[in-house]
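Subject: Structure for your review

Dear colleague,

Please find the sequence and the structure below. My notes on what was found follow directly after them.

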Amino acid sequence: MQHFMHNRILSLLSVAAVVLSTACQNPVGEDKLPPPDPTQVVYASSLNINLSQFTKLESGVYIQDVTVGSGATIASGDSVAVGYTGWLANGTQFDTNQGSATPFRFKVGAGQVIDGWEVGVVGMRVGGTRRLVIPSPLAYGRTGSPPSIPSNAVLVFSVTMAQKF
């Protein structure tokens, strides 16, 4: 009987070791975690993000006009051209078209960009620059956009409205 109990304990310990090892390699899985609240995220100091200086839209996107343009106001349905740079909250730049001769063009509200941009650029004026802090569900969500954008990433953008056409 004692030999049986000893073997049973060793067997249970082996199973526990395998489970623990697997859990440590991927404790829950980033794609299974709930998306972070932008107010709870630690932003790199280089991004200079103080959400109390931003306006929170009903969608959950935070906006801050750095420069208010003097041109036409942007509405859903407008075709626009923008310059932009995007960062992860840790300060890692993942994309930009700044310095490019060709601005990025899209139709607002047509599903050509992430939802955070769809609502974040409405109300901008041509010539203006706006910062956007976009919660994960309005960006790339649980799947992210590998390899640059991890799962559940809150994104920060600087968007300059170059043209409405």
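Leaving aside neighbours within four places in sequence, Arg130 is in contact (heavy atoms within 4.5 Å) with Ile63, Gln64, Asp65, Val66, Gly120, Val121, Val122, Gly123, Met124, Phe157, Ser158 and Val159. Arg130 is found in strand S6, where helices (H or I, at least four residues) and strands (E, at least two) are DSSP runs numbered from the N terminus. Arg130 has a relative accessible area of 4% and is therefore buried; buried means under 20% relative accessible area, exposed over 50% and partly exposed in between, with a 1.4 Å probe and protein chains only. The side chain of Arg130 also makes a polar contact with the side chain of Asp65, at 2.7 Å. A polar contact is a pair of N or O atoms within 3.5 Å; within protein, one must be able to donate a hydrogen and the other to accept it, and residues adjacent in sequence count only if both atoms are side-chain atoms.

On provenance, this is a predicted model in which local features need pLDDT of at least 70 and side-chain atom pairs count only at pLDDT 80 or more, while totals for chains, interfaces and linings use all residues. Residues are numbered from 1 along each chain as its sequence is written, and side-chain values use heavy atoms, with hydrogens and water left out.

The protein chain averages a pLDDT (the predictor's confidence in each residue, from 0 to 100) of 86, and 81% of the residues score at least 70. Over residues 3-28 pLDDT stays under 50, and the model has one contact beyond four places in sequence for them. Where pLDDT is low, the predicted coordinates should not be read in detail.

The secondary structure of the protein chain comes to two helices and seven strands, running α-β-β-β-β-β-α-β-β from the N terminus on. Of its 165 residues, 38% count as buried.

Not counting residues up to four places away in sequence, Trp117 touches Val82, Tyr84, Phe104, Phe106, Leu132, Ile134, Phe157 and Val159.

Strand S3 is largely enclosed by the rest of the structure, because eight of its ten residues are buried. Two strands pair if DSSP finds at least two bridges between them. S3 pairs with S7 in the antiparallel sense over nine bridges, with Phe157 in S7 as the bridge partner of Gly86. S3 also pairs with strand S5 (residues 104-107) in the antiparallel sense, over four bridges; here Val82 stands opposite Phe104. Three bridges join S3 to strand S4 (residues 93-96), and these two strands run antiparallel. In the hairpin of S3 and S4, four residues lie between the strands, and Gly91 takes a positive phi near 95°.

Finally, Val42 lies in the loop between helix H1 (2-25) and strand S1 (55-56). Val42 is exposed, with a relative accessible area of 73%.

Yours sincerely
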